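Open the model in a viewer with a selection tool at hand. The stops below go one element at a time.

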Amino acid sequence: MKSGCVSKEVKKSRSIKLPVLPNSPIQQSEIRDSKTSRWRAAALVALNLLMIAHIVQWRLMGTTVSPIEPSESMYTLQRGAVNAGFIFFGLAILATLIVGRFVCGWGCHILALQDFCAWLLKKLGLRPKAFRSRLLVFVPLIAALYMFVWPTALRFFSGPKDQPIIPEFTNHLVTTNFWETFPSIAVAIPFLFICGFITVYFLGSKGFCTYACPYGGFFSLADRVSPGKIRVTDACNQCGHCTATCTSNVLVHAEVNQFGMVVDPGCMKCMDCISVCPNDALYFGFGMPTLAAPKPKAIKKSYSLTWPEEIVGAIVFLGSFLAVRGVYALVPFLMALGVASVTTFLAVKTMRLLSTSTSTFYNSDLKSSGRMSRAGWLFVTFALLWIGLTAHAGWVRYHEFAGERAYEKVQIPDELALARINPGRWLSPLDREQVATGKKHFGTAADFGFFANSEALPKLAWFEYLSGDAEKSVQLLNTAATHQHGQARALSLYYRGAIDLTALAAHGVVYPPGSWGRVMNGGAWLQCGDEKVDVLLTCSSGGHLLQLLVLREVWEPFDRVWVTDDRSDTRSLLADERVVFAHWPTSRTLRTLPRNLALAWRVVRRTRPAVVLTTGAGTAVPFAWMARLHGARVVHIETLTRVDSPSLTCRLIAPIADRVYVQWPDLASVVKRSRYVGSVISR
Amino acid sequence: MIFVTIGTSEPFDRLLAPLAGLDAEDLLVQHGDSGIELQNARMVSYLEFDELVAAIREARAVVAHAGVGTILTALAEGKRPLVVPRRREHGEAVDDHQVVLARRLAESGLVTVVDDPVELPEILAGLNGGALTTAPRPDARLVEELRSFVADRVDARRR
């Protein structure tokens, strides 16, 4: 008889009455709701609101306290930059040493996401099941050592002799570029989705904390020595409500029974167990730390994996991590750890699903009596898709890596490479080989990758340039520049006319050679992203530029950007300035006007100058107009050359200028609204 | 050393030709598009800006067209240049602005105008030192007005 085809009478008669034991010491009553979870939810919501407020305050005012984010400590250890994140992390570890791992449960935004996800799943009737691995629990600690200890150790063992182990400390508590060290929004959203949601769905309600979070690696170490613990009174009757409620996968009832306290460093002091205990037997109190407790042996933990599966899992984790970390120069370290933990689960689960006759996931049977259900096929499809994408990422990453290696091995000095339009003849046979290898690998990565790699493309461009294709090189740099936002990066080593960089200035500000230090000898840099400047100085090369330079005292106190012609005098005189080179020539021709208007649009929208200073000639006109249209005030200083009649430039700019200065008294009467208060060379 | 420059615009043979009569002195001539060949001079058609500054710095005397760029560069090096204004009537410029400019600057003692280049050898022979006692500076009023204008606008936006 099929189930569901049973008459009501039969159904009734089949119900079995079990005897109810009165006054049982283990009463399986309903687990009461945790009261502290509401307080914790409030704390985590407040945390998120504060984070948003921090960002809003930064956007509005321009400067703010540096991010209160533990990862920032890396820059303190590596460069000595003391920032808010370092202070926060330091205080959090100190606090954990005393009161235990509270910060994780009450002050982490990733945990907030994970708990939010678990709450959503609960609403859907799904309870995430903890994935228990013996080996992968070491990932957070290894990651923490890699992030925070390894760089210092490396400096100690193989750094230059004169470099101190502990760098000189500098104050970075206040920043104007809050987002500098964070990924772009396009990366941040999948990052938070994978680390906050996917990990919970597959690995349990603290999936990310358990298998990925490097800060957790330190916090769990600190928790072992802290005297602050969840402890128990004699009132405990081992009902198990605590263990059932715990979202950190701690066997609370067993641990308090064995040790009189919770020793598992995974405990994040959310206090739910205390709140739900029907006998009020649990409390938070100070006493012996975990380290002083006798060795746990009586508690037998059950694991999700057999030992062979653990080994396979660890290999899959490592492979997956290496495959996605840094792929397309997009995937950050923590996200790679999150992805790797999910890949491991999916791989092991699929392996098991295919090899056993029965398997379940949440409330669904994936496979029963050797038959795969629809849910089972869905799971396998998803798992294979995920693993396939990871493998693809790994393949792309391999080619990126191989290209990188070739790039590092090219030995031709920049000066030599840039000395000729075709640098081919300066290349040694070894260099030639590296260029071919690098081109092949970066090319493969670019052709088959799903996203453009803004760090690999400039290197591929360099290879293209070295093999004589300057035009393709610029195309690639252009593509790379469109994928860079809000960050200053070395785009290229090209300069000295080897490649026309003016096309790139549209994406930001091209820094001329030497302006960012001697490391980039002959190199140009490109600053991408918004940056307000106070003053935009624009003029043609030659006498116009010299007159504006003489007025150094006027503009030197302000943030500024120059727009001028790409000529030998502008390069030399403005070597220490930020310069955008306009298209040339601009005098007595309209040929370059459309391109300069387009360039002006991009430069002005990016730099938002408050004031435009110009001494004129053709180049200045489109930039002055465009800036005026965007609300800038324009000041035109008529060139010294004009003694009795205004220049064409003056006539073109005067209508939009707030001030027009002439340098000869008699000209003031000819040019309407102009002023004369001396010239740039009065004695 | 005497340094002669005619900038990068149109040829200016009228300035260069009389220099053939100059003797027994190191002569560096930046001649641009002028096709003239001087046997007694080192001829270069174009100089990078750094080279131009170096040449001015080295020179005992600077002879130039009355271009504002060249004049300002010479003044910045503390040299009072001998300038020969380009003239429209000879097809050396589109207008006579150099004539007017040179005259005005000469009134302030910043340049020495040589209207007829034929006189150049004689003037150069008699010249001892073209140095200025003080380098010219921008007018303090101009600087002050400009700076306060910029500062006001920048402050207004920051507030």
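A residue is called buried here if 20 or more other C-beta atoms lie within 10 Å of its own, with C-beta atoms placed from the backbone. Keep in mind that this is a predicted model.

**Stop 1: a helix in chain A**

Select residues 109-123 of chain A, which form helix α6. The helix has 15 residues and spans 21 Å from its first C-alpha to its last, close to the 21 Å expected at 1.5 Å a residue. Which residues of α6(A) are buried? They are Ile110(A), Leu111(A), Ala112(A), Leu113(A), Gln114(A), Asp115(A), Cys117(A) and Ala118(A). Then step just past the end of α6(A) to Gly125(A), where phi is positive, about 80°.

**Stop 2: a strand in chain A**

Move on to strand β13, residues 535-539 of chain A. Five of its five residues are buried, so the strand is largely enclosed by the rest of the structure. Show the side chains: Val535(A), Leu537(A) and Cys539(A) point one way, while Leu536(A) and Thr538(A) point the other way.

Strand β14 (residues 560-565) of chain A runs parallel to β13(A) and is joined to it by four bridges; here Leu536(A) has Val561(A) as its bridge partner. Strand β16 (residues 611-616) of chain A is also parallel to β13(A), with five bridges between them. On that side, look for Leu613(A) opposite Leu537(A).

**Stop 3: a loop residue**

Select Gln663(A), in the loop between β18 (659-661) and α27 (665-668) of chain A. Is this residue buried or exposed? Gln663(A) counts as buried because it has 26 C-beta neighbours inside 10 Å. Leaving aside neighbours within four places in sequence, its contacts are Glu638(A), Leu640(A), Ser679(A) and Val680(A). Select Arg642(A) as well: it is 21 residues from Gln663(A) in sequence, and the two are 7.9 Å apart, C-alpha to C-alpha.

**Stop 4: where the chains meet**

Finally, show both chains. Contacts link 31 residues of chain B with 35 residues of chain A. On chain B, α2 (49-58), α3 (68-76), α4 (97-107) and α6 (140-158) each supply at least two residues of the side that touches chain A. Colour α6(B) separately, as the largest share, 11 residues, comes from this helix. Colouring that side of chain B by residue type gives 15 nonpolar, seven polar and nine charged residues.

Methods: Residues are numbered from 1 along each chain as its sequence is written. Chains are lettered from A and ligands numbered from 1 in the order in which they are written. This is a predicted model: local features need pLDDT of at least 70, side-chain atom pairs count only at pLDDT 80 or more; totals for chains, interfaces and linings use all residues. Two residues are in contact if their C-beta atoms, placed from the backbone, lie within 7 Å. Ala, Val, Leu, Ile, Met, Phe, Trp, Tyr, Cys and Pro count as nonpolar, Asp, Glu, Lys and Arg as charged, and the others, Gly among them, as polar. A residue is buried if 20 or more other C-beta atoms lie within 10 Å of its own, exposed if 12 or fewer, and partly exposed in between; C-beta atoms are placed from the backbone. Two strands pair if DSSP finds at least two bridges between them. The expected span of a helix is 1.5 Å times one less than its number of residues.
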